[in-house]
Each structure stands twice: as structure tokens, then as C-alpha cells.
Amino acid sequence: MDLLDVIQILDSTLRLATPLLFACLAGLFSERAGIVDIGLEGKMLASAFLSAAAASYTGNVWLGCLAGIGASLLLAAIHGVASITFRGNQLISGVAINFLASGLTVVVGEAWFGLGGRTPQLMGAGRFQEIDLPFAQEIRDVPLLGPIYADLLSGHSALVYIGLLCVPLTWWILYRTRFGLRLRAVGENPAAVDTAGVSVAGLRYAAVMICGVLTGLAGAYLATALSAGFVKEMSAGRGFIALAALIFAKWRPWYALGATLLFGLLEALGNRFQTIQVFDVTVPTQFMQALPYILTVVILAGFVGRAIPPRAGGEPYVKER
Amino acid sequence: MSPAGNGGDAALAIELRGISKAFGPVQANRDISIQVRRGTIHGIIGENGAGKSTLMSILYGFYRADAGEILIGGRRVEIPDSQAAIRAGIGMVFQHFKLVENFTVLENVVLGAEDGRLLKPSLAKARRLLKQLADDYEMDVDPEAVIEDLGVGQQQRVEILKALYREADILILDEPTGVLTPAEADHLFRILRGLRDEGKTIILITHKLREIMEITDTVSVMRRGEMTATVRTAETSPEELAELMVGRKVLLRVDKAPATPRDVVLEVRNLRVVDEQKVERLRGIDLTIRRGEILGIAGVSGNGQSELLEVLGGYANGTGTIRMNGREIDLTGSASNARTRRARGIAHVPEDRQREGLVMDYSAWENVAFGYHSDPRFSSGLFMDHAAMRADCDDKMHRFDVRPPDPTLAAKNFSGGNQQKIVLAREIERNPDLLMIGQPTRGVDIGAIEFIHEQIVALRDQGKAILLVSVELDEIMALSDRIAVMFDGRIMGERLPDETDQRELGLLMAGMAGEAA
């Protein structure tokens, strides 16, 4: 395996980690505010569908992306109303959203396009194009740094870079702004926020909506950047993987980047090495492709350190008497 | 908001006029009026459930009063939410602190009172101010310390700092010493005196007479949702306050023959309970109850009566010896629970019937069957016999005069008295050797009180042992064959109802044993 192989694998890692990163940061905002969101998967799927549909209809990927965010926001609003205003069970609301998205995308897709739940193949401006960073071609020949810059960092779609920028942005919002302080507080002890005269519901809605925007980006990336159109169930459990990454990351933004890159790497390895020889045994390709899911189970089962979730997570806020 | 005038007096920090608040059928506050002068420490004393916390929650914008008005500094104000209360200059230190455990002191102080969107300048300003406040009021806390690493005394100081940071002029403290050691409480009192001397107004809610006497300038007494008196602390005494708290209502006459106590049913030796905060709530209780007698436990609530009932009822842990009909009860093992207690002949009508005695959303028949659902009459193998349970409930409801006698009605839809009759019917009908009954008539109307008292006496005459815990002195005097007075986790003394009076019991309840004993 030479440098080029390594760079190709890492390049693919970055592409595959991006939707996970968006979804993971989305979950981070929501859970830090005390709203558990297992509906990431459904929101991502709905966004993937609507962004592909809108992009194929308008021929403009940015409009598609906006439509995807809209779909995700709508589902996020449902989750917000159910779990904040009506103090419902957040897990059940999330499951309902997943079912809703899984069914609706196929039914509506078939009604609109008649392609068995797919959307038409996206072409040209209907997809996110790869962006060459400045001077990529010029320094390609510099040893080591050249290929890293030109082949690994350069040549991704805009959403990849937006996703990477979201990491420091999230960190800054969370730890350097008033909103971040209140957001973290409301996930730990909403009564403290309430008695300080700040609206618990307002903060939680804000968090749920930010979550909606970010999962929207995750879904749009899946359908209009990673692939060229929507395919039924194309989120393929990435919403749940993002949740596992969130736990692995202990609900922190930079750790979230690390965790999602790890999952991306596993997926990239699985794609690249369909079969692998370990001594005399041939590891089947199915095993390689199952790697991210296996890691998810391991993390969720609590084998990787102790993670302390936000203390008020999953509990509706009711004023005490 | 109406302008000043309006009869308001600017020398008063707070004036409440005719505040009323009901939660469903429960009148938590009834026509409360109170005046607190600027720069004083005002105590509000009353039993648990007297309505103190509700009143303060109204002041802090947690609830809206059904009627009445609030004047701050002589001006009428509306307080629809906590933000409005903070703007009006009110700061509140809750009994259960409202702190974010994994935040620093600084972050907690700043939360909700930041100066702009970015944190850095707010935190810097707060750091300066905290240092100054710490110097002024002897409230040394490290601003960078994380809350969960601090002791409760320090956490409480953070709560006070939070209020001062918001420039509160009026500081309300709800049962502030409940979690403090005596030394910490003394420190708190020094801080409070310092604040008063700076011109702040302090309202101290407590049920501890000693604190009222030690620190307040004036004191109001609440009982059953009403403000019964407001007096200057210097002109009153603990006994008088105890009497006002407990109340002298219309003397209830209970017709009962002299008791004929027989063999010992319950024997308690050196019973101790330490709560989660490591505070000793029971400090060596000894008691004996015989068949055919009623032992009444008097005392201001919060002096260990609840813990006593909980340990005897099997849902709290304690150390010591409890013998039931001569056989020791296991207090430590996994078999120490309410079910095994019932099997040994102990029935329990808990103090807080709405939380411990009933499931409010469940129907009457379900509630009547609780705890006895494995009774062979109610279960046929794997399944429960609902029809039998309903019939049983229907029968009990008629015999105990529960109104309306509808087994399918949810417990929350009955009045307090009828709820109590449901619990009583369930426990008495099981033919226990010992009936423990806590606050049998709290929140119960007069007619039901009489009925409940008759049932208790009838049970005694059948040869049962009865442990009665009540904060109503009249009830204790009328029903008990012997009276034990609890104070601060101990039994201060035992008296016979014919040989004592309210005054002597009041002294014992205030913890003054020496002269009386």
C-alpha cells in the first residue's frame, strides 16, 4: 500500500464522514439541550428525498438543499412540539419520525416519479460539484504535502467544507456565547434556567431547530453530493451511527469530529478492501462492510469508557410545586 | 401597573393583599395579607403543607394568584414569571438548589443575567463582582470551582450570590437550614444579618422555631393556607408560636371509654435513621404500644415523625430493634419492605396520602386492592379477579361512607376526606395487629374527621394497637391514651392526656424538656 492508496482511503473517509458529522453535531445541539433525538435517521432520510426531488425538478442543487433542510425542519418541529410542548416521550416521538420518513419518502417518491421510490438521476448543477482549492494543481508535485493538499483536502463538495467549519463553530457557540451557556444549562438542569428567568421551552425549541438544519444538510449531502439521487432507505442507519458517535464523543464538538472520522474510516476500509487476508483466513466482504455497525454496537453497549450524558436528557421539564 | 399611591407604603419592601390560590379542590393560600418592612428579616413559619412555599412561589412568578395583589416598595406589580420577579428585585434561594452541577460557580451566577451575547466580558465582570461580594459578606467561594465539588453550605452561598448578582433587594430563603450543619447555619445567619444591615429585606421560610427566635425581627404564622398571626419576634415566645402553628380549632370531642391495654404489640428500641445528607433524623427512639391502646405522637412536623413511620412501614432504612408481637423484625435485609411488614400485621395509613397512600390516577377499586392484590380472594392463579376487587371496594365504600360510592372513579376525583376513608378502609379491613396512621385528618373536612376518629377508637376497642402521628395537638389530646412528644429526632417525654395540657406539650414540642419534665 503506497501513499496514493492511503490518500485515497483518507479522501474517501472524509466524504463518508461528512453526513455522520452533520448528524452528530445535530444530535449534539439537541441532546445538550436535553432533547434526546433518535429521529436523526428519519430526518436525514426525509431531507435526502426532498433535496433530490427538488434538485431534479429545479436543476439547482442549492434549492434542493434548502428543500431538504425544510423537510428536516418540519420533522424537527414535530419532535419539538411532541417532546417540549406536550411533554411526550422523546424516544417514541423519534421512532415515529423514523417510521414516517421511511414510509413517506417511498410513497411520495413513487407518486411523483414512478421510479420505484427513486428520484431521477441528478446531473450537472443538480449535484454538488467538487471544488478545487486554490493552487491545488500547482503544488500537486510537491512531495507528500502536494498530494495531501491536492488529492485529500481539495476536490470535495462545498458541504464537506461547511461540515468541517461547523465543528469549530459549534464549539464556539457552545462554550463562548450566552446562548451556548444557556443551552448546556438547560440540558443539565432546566429548573436552574427557569428560575434564572430564561425560557426553557424557547431554548429547547432553538436547539431542536438547529438540529433540524444540520440533519437537513446531512440528508442533502447523501442524495446530492455522495450519490446522485435518492434511493429508498439510503440513510442506511447513519442517523444511529451518528448517535453512537455522539456518545463516543462524550457530547463534545471536536471529539465528534474524531468519532465520525473513525466511523468514516471504517466504512472507507470496508468499501476499499472487499476481501482481506489475515494469515490464512479470508475475511468475508460482509464483515468488512459491517465494521461501522459493529463499532456502533460496541460503543452503545458501553465498552468504550464511561460517558456521562446531559443530566436532564430525555426528561420533559415540568415546574415543581 | 398602577402608579405609586394606591395606598402603598414605600417603607414596606413587600406588601401582599388578599392573596388566594387553589390547586383544584385544595385551597393552598386563602386571603393572605402580609407587610414586610424594608431592612428587616421576616420569618414565615408553619407546618409542611401550610402553604408557605406556595405563597413564595407566587411571589417568584412560578404560580399566579387567583386573587389579591402584590406591592413592592409601595408600587403594585404583576409577577407573571420569574423574569418579572427578578426585575422587581426579588431573589429566591430554593430549598432544593437550582444550580447546574457541572458548571462553575461563575457560570451559575452569570446564567440568565449575562451582559450580551458573548460570555467572556460577562464572566470577567462577574468575577470582579463576586470578589467584592465575598469580601463584603464573608461569602468566600472559589469562582472557578465546579458546583458538584462544593459542600451544600457553599452551594447555598452560590444561590445567595446569584440573587445578589441580580441586584436583589428582597431575598427569600425557603427552609435554608434543612441541609446545613449547625455551624453552617450559624454562618448563614451571620451572612443574613450582614445583608439586612446593608438594607436588604429577607424573608425566611422555616418550620424551625429556634431559627425564627434567633434571627427574625418579625414573624408570620401560617396554618392550613391561612395567615394566622403576624407578631414582633421580641414580643413572642416559642410556645406561643408552636400553639399558633398547630392551632386550636374547635375542640373535638371523641367519646371513648378508658383504654384497657393488654400485651405488648410493638416494641421499638434505640431506632436511628440517617438520611441521604448524612443528617441523623431519628436519634434513638424507644417506644412500646400495647393491644387496645392509642399512642399519640405529637410534635411540630419535620422532627422525625415521618422517618419513624417510614421505617416502621418498611420503606426506609434504620438501625435498632423493632419487635412485633415479641418477634424481631429484620431491618436490614432485602426482606425489609412494606409487604413483609404487612405480613407481620402492620397496617399503615401514610401521612401523605396523595403520594404514598394512593395512586391518584387509578380508580378507587384499584387503590383499595393495592398491596393486597395477591390475596387469594382477588387472584385466580395468574390473573387478578377484577370483578371481586370491584365488589370488595363497593362494599368497603358503603361501610366507610365514601362519597360518591363509585369504585371506578379515579382517586384524584374524591375529596381529601373521602380519599382518606378509602385508604383507611383498605388498611383497617385487613385486620392488622398494629395500625399506624399519620396525619389522619390533614385536609379532611369536619364531618369526615369525626367518622375517621370513631373508626380509630373502634379499632382500639377491638384490641388493636394504634400508633397515631399528628401535628394537630387537639387530635392527639382527644384520641390518645398516651402521648409521646417528638423533637429533633428524639422523644422528649411521655404524658397522659388527663395529666397534661397544651402548654406543657407546646414546651416539649419546642424542645424545652428541662422545666417541664
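In the predicted model, strand S3(B) pairs with strand S9 (residues 218–223) of chain B in the parallel sense, over 5 bridges. Within this pairing, Val221(B) of S9(B) lies opposite Ile45(B). S3(B) is also joined to strand S8 (residues 201–206) of chain B by 5 bridges, and these two strands run parallel. Here Gly43(B) has Leu204(B) of S8(B) as its bridge partner. Strand S3 covers residues 41–46 of chain B, and 6 of its 6 residues are buried, so the strand is largely enclosed by the rest of the structure. Burial applies to both faces of S3(B): one side carries Ile41(B), Gly43(B) and Ile45(B), and the other carries His42(B), Ile44(B) and Gly46(B).

Chain B also contains an open sheet of 4 strands in the order S2-S1-S4-S5, with antiparallel pairing. Strand S2 (26–37) and strand S5 (75–77) of chain B form the edges, each pairing on one side only. From one strand to the next, the twist averages 25°. Strand S1 (residues 12–23) of chain B is paired with S2(B) through 8 bridges in the antiparallel sense, and Ile19(B) is placed opposite Ile32(B) of S2(B).

In chain A, helix packing was examined around helix H9 (residues 200–226). Two packed helices are described by the angle between their axes and the distance between the axes. Helix H1 (residues 3–32) of chain A packs on H9(A) at an angle of about 170°, with the axes 7 Å apart. H1(A) and H9(A) are therefore roughly antiparallel to each other. Residues of H1(A) in this contact include Arg15(A), Phe22(A), Leu25(A), Phe29(A) and Arg32(A), while those of H9(A) include Val208(A), Ile210(A), Leu214(A), Tyr221(A) and Leu226(A). By class, the contact of H1(A) with H9(A) consists of 16 nonpolar, 4 polar and 2 charged residues.

Helix H2 (residues 40–58) of chain A also packs on H9(A): their axes come within 7 Å and cross at roughly 55°. This angle makes H2(A) oblique to H9(A). The crossing of the two helices is right-handed. On the H2(A) side, the contact includes Leu40(A), Lys43(A), Met44(A), Ala48(A) and Ala55(A), which meet residues of H9(A) including Gly212(A), Gly216(A), Gly219(A) and Ala223(A). The residues in the contact of H2(A) with H9(A) comprise 11 nonpolar, 7 polar and 1 charged.

Leu257(A) is located in helix H11 (residues 253–272) of chain A. Leaving aside residues up to four places away in sequence, Leu257(A) touches Leu21(A) and Val167(A).

The contact between the two chains takes 17 residues from chain A and 20 residues from chain B. On the side of chain B that touches chain A, the largest share, 3 residues, is contributed by helix H2 (residues 82–87) of chain B. That side of chain B is made up of 11 nonpolar, 4 polar and 5 charged residues.

Methods: Residues numbered from 1 in each chain as written. Chains lettered and ligands numbered in written order. Predicted model: local features only at pLDDT ≥ 70, side-chain atom pairs only at ≥ 80, totals over all residues. Buried ≥ 20, exposed ≤ 12 C-beta atoms within 10 Å, placed from the backbone. Pairing = 2+ DSSP bridges. Contact = placed C-beta atoms within 7 Å. Axes fitted to C-alpha atoms, helices over the stretch in contact; angles between N-to-C directions. Parallel < 35°, antiparallel > 145°, perpendicular 65-115°, else oblique. Left-handed = near helix turned anticlockwise from the far one by under 90°. Nonpolar A, V, L, I, M, F, W, Y, C, P; charged D, E, K, R; others polar.
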